[in-house]
Amino acid sequence: FIRTLEYAARDLLSFAFMFALVFSSFLALFYLLFVSKISSCATMLGTAQMLFEILLMKFDASELTSASAFLGPFVFA
């Protein structure tokens, strides 16, 4: 297992960096758009939790739709 991780370390680090960059961008977008409209976006940590729930497909999209008729579904997609 360790040899496999050593072999893939460079690729894993580049993936982790890119994932962190894209995730933090979406975190800032959702926080700034929905901070005053959705209670789970009241803090950055709450917004991050909501985004992870979206990634896991365990999120109710009606909350985003009710917050903003156009931007909610647009950023969810």
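Q: Why is S68 called buried?
A: Buried means under 20% relative accessible area, with over 50% called exposed and anything in between partly exposed (1.4 Å probe, protein chains only). S68 comes out at 13% relative accessibility, so S68 counts as buried. One note before we go on: this is a predicted model, where local features need pLDDT of at least 70, side-chain atom pairs count only at pLDDT 80 or more, and totals for chains, interfaces and linings use all residues. Residues are numbered from 1 along each chain as its sequence is written, and side-chain values use heavy atoms, with hydrogens and water left out.

Q: Where is S68, and what does S68 touch?
A: Look in the loop between α3 (62-67) and α4. Helices here are DSSP runs (H or I, at least four residues), numbered from the N terminus. Leaving aside residues up to four places away in sequence, S68 touches F34 and P73, where contact means heavy atoms within 4.5 Å.

Q: Why is T47 called buried?
A: T47 has 0% relative accessibility, so T47 counts as buried. You'll find T47 in helix α2. Its contacts, not counting residues up to four places away in sequence, are L27, F30, Y31, S40 and C41.

Q: Which other residues of α2 are buried, and what do they pack against?
A: Besides T47, the list has G46, A48, M50, L51 and I54. The buried residues of α2 pack against α1, α3 and α4.

Q: How do you know that the span of α2 agrees with what a helix should have?
A: The expected span is 1.5 Å times one less than the number of residues. For the twelve residues of α2 that should give 16 Å, and the end C-alpha atoms are 16 Å apart, so the two agree. Just after α2, M57 takes a positive phi of about 60°.

Q: What makes the lining of the largest pocket nonpolar, polar or charged?
A: Ala, Val, Leu, Ile, Met, Phe, Trp, Tyr, Cys and Pro count as nonpolar, Asp, Glu, Lys and Arg as charged, and the others, Gly among them, as polar. The lining has eleven nonpolar, no polar and no charged residues. Among them are F19, L51, I54 and A77.

Q: Which element gives the most to that lining?
A: That's α1, with five residues.

Definitions and conventions. On a 1 Å grid over the protein atoms alone, a cavity is a set of points where a 1.4 Å probe fits but cannot get out, and a pocket is an open set with protein on both sides within 12 Å along at least five of seven lines; lining residues have an atom within 4 Å of a point. Helices (H or I, at least four residues) and strands (E, at least two) are DSSP runs, numbered from the N terminus.
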